[in-house]
Amino acid sequence: MDKGLSLRDVVILKQGAPLVRVHHDVAPGEVLTVMGPSGVGKSTLLAFVTGTLATDFRAEGAVWLDGHDITQSAPHQRRVGILFQDDLLFPHLSVGANLAFGLPPGGSRAERQARIDAALSEVGLKGFAPRDPSTLSGGQKARVALMRMLLSEPCALLLDEPFSRLDAALRAQVREMVFDRARARALPVLLVTHDADDAAAAGGAIITLGD
Amino acid sequence: MSRRRLLPLLPALTLLAMLGPVVAGLWGTFLPAFGHLPAAGLTGPSLDPFRDLFGWAGLPRAAMLSVGTGVLATVISLAIVMLVTAGWSGTKPFRALERLLSPLLAVPHAAAAFGLAFLIAPSGWLARIASPALTGWDRPPDLLIVQDSWGLTMTAGLIVKEVPFLLLITLAALGQADAQRSVRVAQALGYGRLTGWLKTVFPRVYAQIRPPVYVVLAYAMSVVDVAVILGPNTPPSLSVQIVKWMSHPDLSMRLEAAAGALLQLALVIGALVVWRLGEIGVAALGRRWIASGARGRADPVVAGLALLAGSVSALAVFLGLVVMAIWSFAGFWSFPDALPNDMTFKNWARFGPGTLKALGQTALIAVTVALAGLILTIGCLEAEYRHNIRVSQRAVWLLYLPLLIPQTAFLPGLQTLMLNIGADVGRVPVMLAHLVFVLPYVFLSLADPFRAWDARMGVIAAALGAGPDRILWRVRLPMLLRPILTALAVGLAVSVGQYLPTLLIGGGRVATLTTEAVALASGGDRRAIGVYGLMQTGAALVPFALALLIPALVWRNRKGLRHG
């Protein structure tokens with residue numbers, strides 16, 4: 001297939017022993033959920049896709065994104081966005097500067113500012129651009145992290161238990177927001193979680209590791 | 001593209017900058033020690049230099065001073081730090097002492113030594129305060145306190161400077177030792193806090209701080225500036241005598257100096273070996289003590305004495321700086337008045353211009369060297385991060401190597417080598433020599449915070465399309481602003497405090513605040529020493545203040561960086 005994220009015969013080995021085996025295609029707008037207890041190698045799979053696999057691991061197989069083999073590409077050239085369970089907003093930058101960091105270069109200063117303001121308004125954070133990220137609530141930070149990632153115009157979206165730090169009420173709301181936007185932009189999504197609710201809300205195929 | 005090729009070279013370049021001069025210097029010491037010094041028209045090999053050295057009547061005493069003061073200073077300062085930490089860590093008095101001692105780390109050895117001399121000399125501040133009411137003295141008593149022939153004051157001068165160093169090293173090690181829970185378990189089993197700490201935490205902490213303890217031992221055995229100020233003269237300690245021979249107008253005296261330098265190296269290596277054997281002995285005794293089940297009934301007494309010793313050590317430096325400040329403004333001040341008759345700016349008007357000139361030289365050298373050290377360090381750490389290099393314990397010892405080889409063993413050789421190849425002494429060689437000592441400290445200061453940086457920040461930034469360079473400059477370095485500035489301040493303070501490299505490699509022509517201040521020691525003009533000593537201390541302390549202030553200002557609206 002041309003569009004979408006494709007994991008082809010991926011095997012990740014730790015000290016020679018296979019840890020994770022995946023062969024799956026994720027079509028644009030669809031979600032593939034990888035489940036399993038902690039320590040089973042879920043995050044390791046995501047690290048392989050982002051190109052940041054630690055040296056104790058070895059991997060076989062290939063990752064294709066929108067018709068290109070990105071297995072050997074540098075992490076910053078892959079156009080794969082990722083959200084972790086922590087918001088990981090850069091603490092030295094304002095909310096607006098965090099978003100600007102994600103925005104690809106180009107355009108006038110006013111145009112860039114307008115895109116940042118629009119992104120903030122879209123998630124109900126109008127006027128938050130000059131704020132210090134550490135003064136935001138957990139839900140607000142999660143929304144900024146999401147918009148920062150989307151502004152970088154990724155071609156696929158990886159989610160590493162991104163909702164597990166949020167309390168129950170907020171969780172469903174943020175989850176819905178993330179999946180809505182991924183669908184709207186026709187992004188293939190790879191979700192890693194150990195929460196059955198997340199998997200159900202994602203509504204796509206489910207792989208369970210560690211069986 | 002060129003940068004991508006430069007980065008992997010930086011670790012090699014760093015090692016070269018750190019170890020190259022040491023190896024070259026040892027070679028340059030080795031040749032003349034065996035009679036080979038073409039610059040003086042001498043070619044070896046011959047054993048005459050050693051014959052001359054062993055023929056010197058002062059040698060046994062000089063060697064004994066080196067070993068005695070060095071070992072005693074190390075044992076006492078280590079004991080104070082371990083017992084204070086054992087008895088008090090986690091309490092209010094400990095935090096107070098910690099806050100008191102931290103800034104003292106930056107005070108140059110020479111300034112601390114002068115301060116101590118001003119404090120405890122027969123005509124010093126303590127005698128003035130106590131006289132005549134308590135002592136009945138109306139003139140300074142005829143006692144040899146400073147420069148006493150046993151080197152006890154010199155030992156004290158080393159202790160007051162090594163206590164803050166060892167304490168900060170210990171604090172860093174404590175974080176990884178899970179100390180609090182161990183002590184809580186021991187206390188639940190009926191052990192006193194101090195005994196519980198010594199029996200459960202000390203072995204782990206000592207294993208961590210072993211390299212810096214060895215550095216303290218090697219340094220204390222071969223120190224020159226403190227020995228010139230506080231140590232005996234007839235004979236002086238071996239290292240001071242080596243420097244005297246080196247500065248003798250008769251070039252052939254360098255042969256004896258080189259032989260002495262090799263002896264100094266042998267003494268330090270021997271002491272380190274004996275210390276290592278002592279560790280094994282202490283460990284055996286400790287295991288027996290642990291097996292005995294003693295709960296530590298004397299804990300409160302020992303802990304109290306340790307806290308007293310630690311406080312006295314900190315106060316000695318503080319009061320020393322205060323009395324130096326008073327002397328720098330003193331008009332007429334007769335014994336036994338506690339304070340001068342009048343305060344005046346005359347001393348500053350007289351010595352100020354000289355100190356400013358020395359300050360300019362000091363700052364030029366320190367800033368260049370500290371920046372070079374910082375760039376090399378960041379380059380090494382970033383190369384380690386990008387290329388996933390694992391650093392072994394053995395590589396860590398490489399960092400300590402230049403600090404373990406006595407300065408007096410390789411700096412004279414470096415100077416002789418430069419003389420032989422006709423290289424000019426001066427500022428640039430002095431900078432390179434400073435870098436040998438600045439690099440390890442800058443690296444040790446920055447390595448932990450740099451490695452502790454959350455690598456997921458890098459993954460996120462890369463996922464947002466930022467390349468490795470952009471991540472380094474726009475994310476990692478700004479987030480690490482505070483530890484980077486602290487490492488820079490450490491580098492500046494180390495460079496400002498350097499005496500021997502400046503003196504020997506500068507050929508006496510590079511005048512920094514430290515060389516000027518130490519040169520005043522023999523004259524004994526307390527007003528001049530006060531002015532120079534204060535300037536020297538300020539030059540080392542101000543960067544630390546800035547390292548605290550600048551991040552607080554730059555990140556005043558960034559709560560997330562206030563504690564990191």
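Helices (H or I, at least four residues) and strands (E, at least two) are DSSP runs, numbered from the N terminus. This is a predicted model, in which local features need pLDDT of at least 70 and side-chain atom pairs count only at pLDDT 80 or more, while totals for chains, interfaces and linings use all residues. Residues are numbered from 1 along each chain as its sequence is written, and chains are lettered from A and ligands numbered from 1 in the order in which they are written.

Confidence is given as pLDDT, the predictor's own value for each residue, from 0 to 100. Chain A has a mean pLDDT of 91, with 99% of its residues at 70 or more.

A walk through chain A can begin with its strands, two of which pair if DSSP finds at least two bridges between them. Strand S1 (residues 5-14) of chain A runs antiparallel to strand S2 (residues 17-26) of chain A and is joined to it by eight bridges; in this hairpin, which has two residues between the strands, A:Gln15 takes a positive phi near 50°. Eight bridges also join S1(A) to strand S4 (residues 57-65) of chain A, again in the antiparallel sense. A:Ile12 stands opposite A:Val20 in S2(A) and opposite A:Ala59 in S4(A).

Strand S6(A), by contrast, pairs in the parallel sense with strand S7 (residues 156-160) of chain A, over four bridges, and A:Val80 has A:Ala156 as its bridge partner there.

Chain B is divided into domain 1 (1-34 + 353-564) and domain 2 (52-327), with bounds that come from an automatic or database domain assignment. The C-alpha centres of these domains of chain B lie 24 Å apart, and their contact takes 37 residues from domain 1 and 38 residues from domain 2. On the side of domain 1 of chain B that touches domain 2 of chain B, the largest share, eleven residues, comes from H25(B).

B:Gln536 has its place in helix H25 of chain B. Why does B:Gln536 count as buried? B:Gln536 is buried because 28 other C-beta atoms lie within 10 Å. Leaving aside neighbours within four places in sequence, the contacts of B:Gln536 include B:Pro108, B:Ala110, B:Val496 and B:Leu513. B:Gln536 and B:Ala447 are 89 residues apart in sequence, and 27 Å separate them in space, C-alpha to C-alpha.

Note on methods:
Two residues are in contact if their C-beta atoms, placed from the backbone, lie within 7 Å. A residue is buried if 20 or more other C-beta atoms lie within 10 Å of its own, exposed if 12 or fewer, and partly exposed in between; C-beta atoms are placed from the backbone.
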